[in-house]
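Please read them with the structure open.

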Amino acid sequence: RFAPLVLLQRLRSSRSCSAEEMRFQVEELEVQFPYPRIYPEQYAYMVELKRSLDARGHSMLEMPTGTGKTITLLSLITSYQRAHPAMGKLLYCTRTIPEMEKVLEELKVLEAHRDELFGQDRKDKLFAVGLTSRRNLCVHERVSQQTERHLVDQHCRQLTASWVRERARGGGSGGGGSGGGGGGS
């Protein structure tokens, strides 16, 4: 484990670190980082994120494209969660599906690194789920053929609304609503 100044001096050197060395302290929090080098900007980002989490506040941090924001955020926040189990779940939102896939891939890399450090039978493995829109997830033929988002939503509601499920169980004439099939004549 390195003090911040020693770590930053190491970060600036051209030498890569071993997997074991990529465990370091960010203000008393051990962080595991899955790559052999970390940019000083990534470390500074982690420090600010940790301070925001400690203060139970909000933060807005900016880093240029290609500087490893995703793995920096995941490494720090998941390390924080491991140290503070009462913190709860991490909800990570992305704008696009490729961004979501990148986050899940980086999380796999991070978890593989932790397996290397702590063993594959460790009890604190992370569980991640990527959620996307109905249009991408629905397997019903009628819904999956739709190309317009509002039509996907409409057809999905028609198939999954509580009054549709109730009617399918034989429990009544159904309710009203935008799904059509309100049961009236």
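1. In helix H7, the buried residues are Val152, Asp153, His155 and Cys156. The model is a predicted one. An α-helix has 3.6 residues a turn, so residues three or four places apart point the same way. H7 covers residues 149-160, twelve in number. From first C-alpha to last, H7 reaches 16 Å, close to the 16 Å expected at 1.5 Å a residue.

2. Strands S1 and S2 run antiparallel and are joined by four bridges. Arg23 has Gln32 in S2 as its bridge partner. The hairpin of S1 and S2 has two residues between the strands, and Glu27 takes a positive phi near 45° there.

3. Which residues of S1 point one way, and which the other? Arg23 and Gln25 point one way, Phe24 and Val26 the other, and all are buried.

4. The largest nonpolar core has 22 residues. Those that touch the most other members are Phe24, Val26, Val31, Phe33, Ile38, Met46 and Leu76. Two or more residues each come from strands S1 (23-26) and S2 (29-32) and from helices H2 (40-54), H3 (69-83) and H4 (97-118). H3 gives the largest share of this core, six residues.

5. Val129 lies in the loop between H4 and helix H5 (134-137). Is Val129 buried or exposed? Its relative accessible area is 53%, and exposed means over 50%, so Val129 counts as exposed.

Terms used. Residues numbered from 1 in each chain as written. Predicted model: local features only at pLDDT ≥ 70, side-chain atom pairs only at ≥ 80, totals over all residues. Heavy atoms only, no water. Core = buried A, V, L, I, M, F, W, Y, C linked by side-chain atoms within 4.5 Å. Buried < 20%, exposed > 50% of the residue type's maximum accessible area, 1.4 Å probe, protein only. Expected span 1.5 Å × (residues − 1). Pairing = 2+ DSSP bridges.
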